[in-house]
Amino acid sequence: MTFDVYLNVAVGGLLTGLVYGLMALGLSVIFGVVRVVNFAHGEMMTIAMYIAITLFQALHLDPLVMLVPVAAVLFCLGYALQAGIINPFITRPEHSQFLLLVAIAIIIINVLLILFGPDAQSVQTSYSYDSFQVGKLIVDATKLYAAGAALAVAVALYAFFRFTAIGTAIRACADNYTGALVVGLDVKHLYALTFGLGAACVGAAGVMLVLIVDVTPSLGPAYTLLAFVIVITGGLGSMPGALIGGVLIGVTEAMAGLIFTPSAKSMFAFGILVLVLLFRPQGIMGKKAA
Amino acid sequence: MFARLFENVSRRTLVLLGVLLVGMFGAPLVASDYLLTVLILILYFAYIGQAWNIMMGFAGQLSLGHALYVGLGAYTAAALYVHFGIGPWLGLLVAVPVAALAGAFIGFLAFRFKVGGVYFAILTIAVAEFARVGFDHLSWTKGSSGLFLPVAQYTHNDLWLLRGQPVMFYYVLLVATVLAFVFCRALLKSRIGYFWLAIREDETAARSAGIDTFRYKMIAVVISASMTSFAGVIYAFYYNNLFPEQVFHISRSIEIILGPIVGGVGTLFGPIIGAFLLTGMSETLIAALAALGVDLPGAKQVFYGICLLLVIMALPDGVWPWLSRRIGLTEREK
Amino acid sequence: MKRKSPSNSQTKTASVSRRTFTVGLGAAGFTAGIAPFNIVRAQGAALKVGVLLPRSGFQAGIGQDCQRGVDITAGLLKDMGLPNLQIMNADTETSVDVARSRAEKLIGDGAQVLMGAFDSGQSSAIAQVAEQKGIPYIINIAAAPPITEQGYKFVFRNFPTAGMILGGAFTAQKEIFAAVGAAPKTAVFLHVNDTFGTAMKGGIGAVMPKFDMPYKIVETIAYDPAARDLSVEISKAKATGADSLLLVSRLNDAILLTREMVKQRWSPMAIMSMGPGWYEDQYLKTLGKLSDGPLSFVPWYDPNKPLSKKLEAALAKAHPGVSLNTNHVYTFEALLIAADAYKRAGSADPKALADAIRATKITDNVSPGPGIQFDAKGQNDKLKISAIQNRGGKLVTVAPKEAANAKAEWPLKPYDKRA
């Protein structure tokens, strides 16, 4: 195989990895602050994908236009979920949180099955099949747009946490829960806000993934798992870590598929995860655990 | 040793246990074949739940990848039977060490590097998924095309080769569940059990009290993995076909641990109650929806999810701690 | 859907389809029946058939598609003068555990024949229950060869095994090559690494040499059934430089693979699929013009048989916009076998029914070949494999000649030359 094949595959893996990274970013934000592991993450993404598809079918809106409104819907959903159901669980052991979110995941999957039926659905845009050719390099247009949007969302999120008062308050909660309470921050509200932001992230990722994959109600669990692998690899709670983890997993899977056999490519992703846990348990960009 | 098992057990508990035991041993006499199948499922999940509970409930290590040990046990015993005609009980001599080794491997990796909590949980998922894809490519066990055991004609029950009717599997699983229960009780009453609880409650404190936490966490993983692999062997000989996509799948791991969490993590009755509740609830929901004339795929799972949600919101510690208080049993194990 | 009076009895009694339910939510559903199964009797007692399909979980799409085949059966059987079937529906939830306990439950509720279950693992679990209880079980779809190699006496499969599909595919390919006067010289074999895909891959080495094919397989690429992205697979296939693509995939993968071929600007001379996906409604609908061209070598229906036309019409009436496919055909035929055997046996005694099924000889059927019959193992070994091609959003059968209604278009029109 010639060099350009490797280059094409690597670029494809990089772009897909960025979108995966954005999805994982939501998980990371939620864990970093609320300390709840969102086992219904992929399922929340499928909700966003179905909203995008419904809007597309009804109004013929381009998915990239729907990015902000769908993210907003998911934000509200996340906020309500945290404030209404999850909040009492933040101090409970992990297995209780796990069961709670697994129950939510089961409900989401099957409500989607009842509402939308089992068949895969997708959106067809004018650029669905476009690709750009630069010399021997062929770049998938939808992946390029999606990756660009992923970066934009990540930057916006970073700016929010860095430069706004609410963002600073949320970071304060994450750093010192008791301290935040003492200085009079409304922690419950801030947690719900954070969960909403995480949900908005995965919502945005879902809208972009609609361009790349077809949606079925049972798509969620695979993406939940993927988000975990990425986030742990990059460092749970670290924002740049999620993107780096996404790219690393994306490129590794792509190259492993090319060099070895594609059917075993996810083994390499899990292999990387195991290696990271061994030699840098806090993840590539994670802070050293206390 | 034996006497200590009954230490601090109220008469009421003993009576209850006795009634339950007699009921379970007598059940096949009255149960329909359908009910028997459901009971087999319940016992299967109760047994594995008990094994999982050793790791999570006793030693505080959250494993989300127990399907790995089920799968290793199942595949090892089935492959030995298919390739060499080695029966399941002899096969256990290989299957259990294989699963124990896998458990030790995960434990060694994790505990040496102080990987705990969510990280440990994800590591267990990762290894199970690794195994799933790996077995998809392992031609000795027929890869993803599935390993089929020759199916017996059902004229008689051959306990030695585990070829026969469901009622045989029922009793094998029932005995296994009872033994697991007794074994877990003994573990809890032993030094190891106290060390585990100390680790679960506060690992740093346990270490400073001089407990070799690495060693005792390793013991928990290895015991749990070994016990779980036995269930895998039964699974293989009960269903007679294995597919990596089925036995190693993460959804199997999740199914395994729902029971003990709902029943009550760290309690001896929790996994059993949980298995009864969840499997029973599942079958009841199907029957109820059918009775209402609702034939809507997915509806049952929605209600199932809602029930799970309500249970965990109302009883965060699980059903058993609440139930035992209600019926006036002392639950000393906790 | 109201409770039916005995006079206009049909077999669709038990099921309230998803559509009916969502339209009239609650009200309609709850009045549909207080009894679990509305027992409806017409002339003589209806044969109770337990239908097990994965209608939720991962395989929900296929399971619900098969269910459409069940739903349209009643009227057709009546027209054919066959006895009524009382359908008892059960959802396996794509789980072996549930498949097994549902099978027990159906038998406990009085099912006299079982039918289902698309998936090899679930079918195998049901087969064991059926065999043990001595209740005949007719497999609609499931291609894993071992199921009928277990010495079962009550298990029947009116669906080709992986080896039969391969043999049929190669025969049909040679017929097409001869008809169009062209053939690829090389092929890359891309397959999903699941039960069916691996069975096909295992068979290809043994079956292909017997057929003296004009092309060589230059590389075999397996991909994970859980794969989310298939760009690498296509990059790899494209890089082999093979002039045709041989495939075993599934529906979602087929769509993904096609998109990748378009984006990566690769148009082989022919796409030859030997599994699901490339001919399905969803594929045609999603890809539009880009769906034209692929050849599928699959268990199909003979469009020239009279019963096929009736089945097509019945499906068009019940589910407008859904084209007849493998799922409907083989599900329908499984029920046809049950009804036919019941008529000949004259009783619902399981032993008599099983004997009658073994002696089945239905020539007025839908699937290609001489008709439905079973060998000593309970396998219909006379089934033929069809070659179908996508043309303008429709499907035509191009081989074998006796079951064809069109000629193959060759080669594949390059993706970048389509308007």
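How many residues does the contact take from chain B and from chain A? The contact takes 37 residues from chain B and 33 residues from chain A, two residues being in contact if their C-beta atoms, placed from the backbone, lie within 7 Å. This is a predicted model, in which local features need pLDDT of at least 70 and side-chain atom pairs count only at pLDDT 80 or more, while totals for chains, interfaces and linings use all residues. Residues are numbered from 1 along each chain as its sequence is written, and chains are lettered from A and ligands numbered from 1 in the order in which they are written.

## Interfaces of chain B

On the side of chain B that touches chain A, α6 (117-136), α12 (250-263) and α14 (299-314) of chain B each supply at least two residues; helices (H or I, at least four residues) and strands (E, at least two) are DSSP runs, numbered from the N terminus. The largest share, twelve residues, comes from α6(B).

A further contact takes 40 residues from chain C and 33 residues from chain B. Elements of chain C that each supply at least two residues of the side touching chain B include α1 (18-31), β2 (85-91) and α7 (195-207). Here α4(C) gives the largest share, seven residues.

The table lists the two sides by class; Ala, Val, Leu, Ile, Met, Phe, Trp, Tyr, Cys and Pro count as nonpolar, Asp, Glu, Lys and Arg as charged, and the others, Gly among them, as polar.

## Chain B

Chain B has 15 helices and two strands. Its radius of gyration is 20 Å, close to the 20 Å that the globule rule gives for 334 residues, so chain B is as compact as a globular protein of that length; the radius is taken over C-alpha atoms, and the rule is 2.2 Å times the number of residues to the power 0.38. The C-alpha trace of chain B spans about 55 × 45 × 40 Å along its principal axes.

Of the 334 residues in chain B, 57% are buried, that is, 20 or more other C-beta atoms lie within 10 Å of their own C-beta atom. B:S282, placed in helix α13 (residues 270-291) of chain B, counts as buried because it has 21 C-beta neighbours inside 10 Å.

Helices α7 (residues 166-189) and α10 (residues 213-239) of chain B have axes that come within 11 Å and cross at roughly 175°; axes are lines fitted to C-alpha atoms, for helices over the stretch in contact, and angles run from 0 to 180 degrees between N-to-C directions. That makes α7(B) roughly antiparallel to α10(B), a term for angles over 145 degrees. In this contact B:F169, B:V172, B:L173, B:A176 and B:A180 of α7(B) meet B:M227, B:F230, B:I234 and B:Y238 of α10(B). The residues divide into nine nonpolar, no polar and no charged.

## The sheet of chain C

Chain C holds an open sheet of seven strands with mixed pairing, in the order β7-β6-β8-β9-β10-β11-β12; two strands pair if DSSP finds at least two bridges between them. Its edge strands, β7 (216-223) and β12 (394-399) of chain C, each pair on one side only. The twist averages 25° from one strand to the next. Within the sheet, β9 (residues 270-273) and β10 (residues 295-298) of chain C run parallel and are joined by two bridges, and C:M272 stands opposite C:L295 in β10(C).

Notes: Buried ≥ 20, exposed ≤ 12 C-beta atoms within 10 Å, placed from the backbone. Parallel < 35°, antiparallel > 145°, perpendicular 65-115°, else oblique.
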